[in-house]
Amino acid sequence: MTARPAIDPDAAPAAPVRAFVAIGSNVGDRAAHVAHAVAAMGAIEGTSLVRVSSVRETDPVGPPGQGPYLNAVAELRTALAPRALLRSLLAVEQSRGRDRSSEVRFGPRTLDLDLLCWGPAVPGGASIDCPGLAVPHPRMHERAFVLEPLAELAPEVAAAARAAGIPS
């Protein structure tokens, strides 16, 4: 097996790159949380919103007793380094009341934004693997609620994720 090239998570790209972000919400006004996330991602400095998949309702993955999720994927163009983009995404989550430090793993959440791909860090391409940041997302191939909306925007990326079975 050939090692994938590693990307420095703190290095900004020479030119803006394409990034994909999964969006999910299953607490409170889910539609408002998703709409806020879309607007907020488009307002991140050095980043523009290219398009968003359709929003779909899905069953939760995780502890029992949760309500259904609304899920979508956004395509961005960004001049930010991967870790800088992640920090911005986490700030958007926090603005909607998410506190990652006190939540149950795979539990309910007001807003969940996961960086799926960034520039050359795509399934079968380069990778980012450091504490708190793994791109391409290591479990996207297991999640229809990610792959289906991703396939609307970038069928080749979704197909590569399915084929590669991104190692976790």
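# Notebook: looking around a predicted model

**Entry 1: R87.** R87 has a relative accessibility of 52%, and since the cut-off for exposed is over 50%, R87 counts as exposed. Next I checked where R87 sits, and it turned out to be part of helix 2.

**Entry 2: A31.** My second residue was A31, which belongs to helix 1. Is A31 buried, exposed or partly exposed? Its relative accessibility is 47%, so A31 goes down as partly exposed. Then I looked up how far A31 is from Y69. In sequence they are 38 residues apart, and in space 9.8 Å, going from C-alpha to C-alpha.

**Entry 3: helix 1 and helix 2.** Having a residue from each of these helices in my notes, I looked at the pair. Helix 1 covers residues 30-42 and helix 2 covers residues 82-95. Their axes come within 10 Å and cross at roughly 145°. The crossing of helix 1 past helix 2 is right-handed. Which residues meet there? On the helix 1 side I found H36, A37, A40 and M41, and on the helix 2 side L89, V92 and S95. Sorted by type, the residues of this contact are five nonpolar and two polar, with no charged ones.

**Entry 4: the whole protein.** Time to zoom out. How many helices and strands are there? I wrote down four helices and seven strands. Reading from the N terminus, the order is β-α-β-β-β-α-β-β-β-α-α. The radius of gyration is 15 Å, close to the 15 Å that the globule rule gives for 168 residues, so the protein is as compact as a globular protein of that length. Along the principal axes, the C-alpha atoms fill a box of roughly 40 × 35 × 30 Å.

I then checked burial: 46% of the 168 residues are buried. The accessible surface is about 7900 Å², with 56% of that belonging to carbon and sulfur atoms. For contacts with a separation of 6 or more, 70% come from residues 24 or more positions apart.

**Entry 5: helix 3 and its cover.** Helix 3 spans residues 144-153, and its buried residues are V146, L147, P149, L150 and L153. What covers them? The cover includes strand 1 (17-25), strand 2 (47-52), strand 3 (56-58), strand 4 (69-78), strand 5 (112-118) and helix 4 (155-164).

The axes of helix 3 and helix 4 come within 6 Å and cross at roughly 145°. From helix 3, L147, L150, A151 and L153 take part, meeting P155, V157, A158, A161 and R162 of helix 4. By type, this contact has eight nonpolar residues, no polar ones and one charged.

**Entry 6: a cis bond.** Last stop was the loop between strand 7 (133-135) and helix 3, where P136 is found. The peptide bond joining V135 and P136 is cis, with omega about 5°.

Key: Residues numbered from 1 in each chain as written. Predicted model: local features only at pLDDT ≥ 70, side-chain atom pairs only at ≥ 80, totals over all residues. Heavy atoms only, no water. Axes fitted to C-alpha atoms, helices over the stretch in contact; angles between N-to-C directions. Helix = DSSP H or I, 4+ residues; strand = E, 2+ residues; numbered from the N terminus. Left-handed = near helix turned anticlockwise from the far one by under 90°. Contact = heavy atoms within 4.5 Å. Nonpolar A, V, L, I, M, F, W, Y, C, P; charged D, E, K, R; others polar. Rg over C-alpha atoms; globule rule 2.2 N^0.38 Å. Buried < 20%, exposed > 50% of the residue type's maximum accessible area, 1.4 Å probe, protein only. Areas by Shrake-Rupley, 256 points an atom, 1.4 Å probe, with all protein chains shown as cover.
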